Structures are given as structure tokens and as C-alpha cells.
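The tour concerns the contact between two chains.

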Number of protein chains: 2
Amino acid sequence: MVETAKKTGKSRDAKLPDLSDGIGFRPLYKQVKDSFIQQMVNGDWRPGDKLPSEFELAARYGVSQGTVRKTLDELAAQNLLVRQQGRGTFVATHNPDRALFHFFHLVGDDGSRQLPTSRVLSRVKRLATSDEEKRLGLKPGSNVICIERVREMSAIPVIVETIAVSAKRFSGLAKVPVEDLPNNLYELYEEKYGVIIYQAEEYLSAVAADATDAEHLGIEPGLPLQQIDRLALSVDRRPVEWRMSRCLTTQHRYLSLID
Amino acid sequence: MVETAKKTGKSRDAKLPDLSDGIGFRPLYKQVKDSFIQQMVNGDWRPGDKLPSEFELAARYGVSQGTVRKTLDELAAQNLLVRQQGRGTFVATHNPDRALFHFFHLVGDDGSRQLPTSRVLSRVKRLATSDEEKRLGLKPGSNVICIERVREMSAIPVIVETIAVSAKRFSGLAKVPVEDLPNNLYELYEEKYGVIIYQAEEYLSAVAADATDAEHLGIEPGLPLQQIDRLALSVDRRPVEWRMSRCLTTQHRYLSLID
DNA sequence: CAGTGGTCTAGACCACTTA
DNA sequence: AAGTGGTCTAGACCACTGA
């Protein structure tokens, strides 16, 4: 049950501050939204789960079905939920389609899309560097699990990448056999740790290949590479994974759609 | 006045094909949306214009205010309209804020945002290359207006770019004094030609600076540059401008937010 | 104060999926 | 046929802006 907008509005008109919801007016549908998000953060609703029907939720929260609908529509617009007429509303998953069209932006010169395969070079648990602490929001002295891998498209190596996550948050990850690390790590974070990645910030720049890059990609050192510095955030907007990719863009491009 | 959903639905249940709206069911609010978009394409509603109120529009189209609201909310979500409580609904413009946060993605290493200044190197009208014909969807033998410029941030040259638009569509543009070409060309397209840019596809890759790049940017040839190949589309999804930018990413990054 | 968009409700009916 | 989301309506009231 949530505070009604009417009551909230009235209490705001009064001269006394409204302690019941602190910062003032907050629409019902946003209060409901906060609650839904919290249930995804908590793991009560996990990726792929089916939500109760609109009427069921409305009754549970003591609001109208139209208000719940507004909440669900917003969450669907943010790709946190998927709605299907006749079937129901589901928590979004990092299935191959979503990975391909939403989170992976390298496309072929001809516009073709495919996910690269991965070969893990190393997987270590070690003290976080100061950059890693900063980007991942870790306390000084924290450990990270660091994965290095080479990714191929059409059997040609095109990406070398370094991935860092909190060792505390992903404690089991240091023990998984490297050959069992999946290509799509976000799916793993979801399934094994209940962590939903829903947002990422990517900083792109052009850099020269160093000797290691050159060796892994089979090119000359000094050639230009597309560097992608990605911080992936969870539903509660906490940083989860920091990934640095260097990509050969002779046969591929990074596609950024605006609007 | 538009076809009601009820009627459309019923006519679809009948065995005979429904000729009245061709491809079958189309929700009222989408029919209204099509009409609104058409009015922006036609130039009946120009950037900055205030729309009639929801009730006024509802009466005009013979639908309820809630249906108009759904249309307006969708268009606002697409950044085609801007809604302001108490003031009204307006056609979106390419004001500096929008340009800075929505269409220009180079940010400082420290996360700072600023628009670069522009210095035009050349502005010519000439036959389109086959690439330009293809990207801009021009008939063979069409002319383009081509602008080359260098852009600076904090008085340091960081971008060299080549811009091509249809000479037919932007006929006056060949005669504007080059010193009067504004930094924000999208604003010019809006104001002088009624063309609203609302979407862009950017293809990013890392390239080596050639001799010309190097000269304009004051760097050594061969250094890596961030290339941005951008096609800007109008409200009716027709290509309007093709722009090729090469950027120095030593002090800056291209920021891509996912979700 | 009038006018505008924002929130919320209640109810009807349509479209789609599944059994 | 039952259950779900999708569309549409009508009406009440709130929040914000500007004359």
C-alpha cells in the first residue's frame, strides 16, 4: 500500500513539512515503480520471471489498474520489463537478441550483426588498482577478478579486452574453470548472482596498438584501434563491471544510434 | 477526424478486407501521431511552435483528451515535442542544450561538455560522388553542397569534418557567405529550410591521420584518430546530411550511453 | 485567476495467447 | 473460454505558469 497522491498533495499544502515522504510530492506510479525496482534489486523478481497481472498488482498496492499500467509501461520503455499481449509481463533478460542489438555495438562493414566468440587468456584475483577502485566504487584494498580475453568474428581476432569486477560481489567467479566462462558474461551475472545489468556508459577513443594488442590481433604495432572503455551499471545504478576493449575496425564499425 | 478503433476492429472481424485503412488495425493514437508528424514534415508546425491544448486537439480530431495525451507523450519521449506543465506543448528545437547533450557526444577527459567552435575551410557546390548519392539517397547526377571545416575546443583544433547535403534541398546554402555559416548547422536547417533533424546513425572507427588531417590538427601523420561517419535523418526518416568527422581523442572521448 | 499539462480512477471493449 | 495486455473514454482533482 502506498501514500495516495491526493493525501500527499494536501499534506504539502499544509504549512507543516510532510515527514511521511520526505522530499515532497511523489506520484503514486513512481512510488510503485520504486517498489518494483527494489524487488528486482532484491532478487524477488529475477530475469525471466513472470509478474502478477495488472489487476493483481493494483489490488496488492491499493491503486487502480491504470496506475500500475503506467508504471509497467515506463519500466518496459527502460528495457527492464518485457510486455507481451496475451501472455503477461516479464523481467527482461540478457538473451542473445538483447545482447546483440542493445549492448553490443560492433557491426560489420555491410551492416551485418553477429556476436564475437571469446577465448580467455587469463583470469586472476588480485588487489584492485586505484583506477579500478575508483571506477567500480570499491573500498581501498579491495580485490577484483580480472579477465583478459580475445574475441573473434568470422574466425578473425578483432577485440582484446580486459574485464574487472569486484571479487567480493562475484566470489564464486574466481573458481569457475576458465573454459566454463560464457561468452555473454551479463547472462552469467544475472543467473548466478542475480545482478541485472541494465545500463552502460561507454567512452570511445582511438589509440595505437601496443605490442600485446598487435600480437593478439595479428597486426603491426602502432595501427589505430577503437578503444571502448565501458562501465556497466546494475538496476540500482551501482557500477558492476569495468571493461576495456580494443577493437580492430578495418572490417567493422561501432554503431551509435541517436534517438 | 479519424477512424475509430472500434470500427476498425469490427471491420477486421468481418470476412471482407477492410479497405478503409489498408493494412488492418491501427490504434487511434497512432493515427493521430501520424497526422502530427505530417504537420511537422509539412512545416505547419515548426520548431518552437506552441501546439493547441490537449482538449483543443482532442476536439479537432474527434477523440478523447486521453488519446491525444498518449500521442503527445510518445512524441515527447522521441524528443520531437517538449511538454511543460502550465505552459503548453512545443515542437522541439535544436537549441544549444539539445545540441550539447543529445547530438554532440565528445566530452572532455574529465567529463566536461562543451561545443567546439568552427572554422570553415571550404564550401563548394559540385556533383555528388557515388558514395554521397548512396548515403543521401540522391538521383544520379545530383549536386551536393560540401563544407569542410576545422573545429576547436579550448582553442585547440580537435576535429576536421566534411559535410555533404543535397544542393537541391538546400539551394540557398551555396550562396550564404561562408563566415555566416553557423556552428550549429541543424539550427540553420530548421530555421531556413524547415527541416527537422531528429535522428542520426553514427558509425565509429579508428583511423590513421593522413597528411591533411595532420596539418589541420597539428599532429604527426599516422596517429590514431576517432572517425565518426554520421548520417542525419529528418522527421520523415529521409537522409538529410552526411558528415565525416575525424577527431583527436587525446583530451576527449566519445560518450555513448546505453539505455 | 484562467489555462495548461500531470495524476488517478473506473469501466468498457478489443486483440492476442494458451489451454 | 479464460486470462492477459492494449486501446479508448469520461471525469475529478492537483501542480505549475503567466497575465
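The stops below follow the interface from its overall extent to individual residue pairs.

This is a predicted model, in which local features need pLDDT of at least 70 and side-chain atom pairs count only at pLDDT 80 or more, while totals for chains, interfaces and linings use all residues. Residues are numbered from 1 along each chain as its sequence is written, chains are lettered from A and ligands numbered from 1 in the order in which they are written, and side-chain values use heavy atoms, with hydrogens and water left out.

Select chains A and B together. In contact (heavy atoms within 4.5 Å) are 30 residues of chain A and 30 residues of chain B. The buried area (accessible area, 1.4 Å probe, lost when the two parts are put together, summed over both) is about 2,500 Å², and carbon and sulfur atoms give 56% of this area. Next, highlight Ala206(A), Ile258(A) and Asp259(A): in chain A these lose the most area to chain B, together 28% of what that side buries.

Now display Arg98(A) and Asp259(B). Their side chains form a salt bridge (Lys or Arg side-chain nitrogen within 4 Å of an Asp or Glu carboxyl oxygen) at 3.8 Å, N to O.

Finally, select strand S7 (197–208) of chain A; strands are DSSP runs of E, at least two residues, numbered from the N terminus. S7(A) supplies 11 residues, the largest share of the side of chain A that touches chain B. With strand S10 (residues 252–258) of chain B, S7(A) pairs (at least two DSSP bridges) in the antiparallel sense over 5 bridges. Within this pairing, centre the view on Tyr203(A), which stands opposite Leu255(B) in S10(B).

Technical notes: Helices (H or I, at least four residues) and strands (E, at least two) are DSSP runs, numbered from the N terminus.
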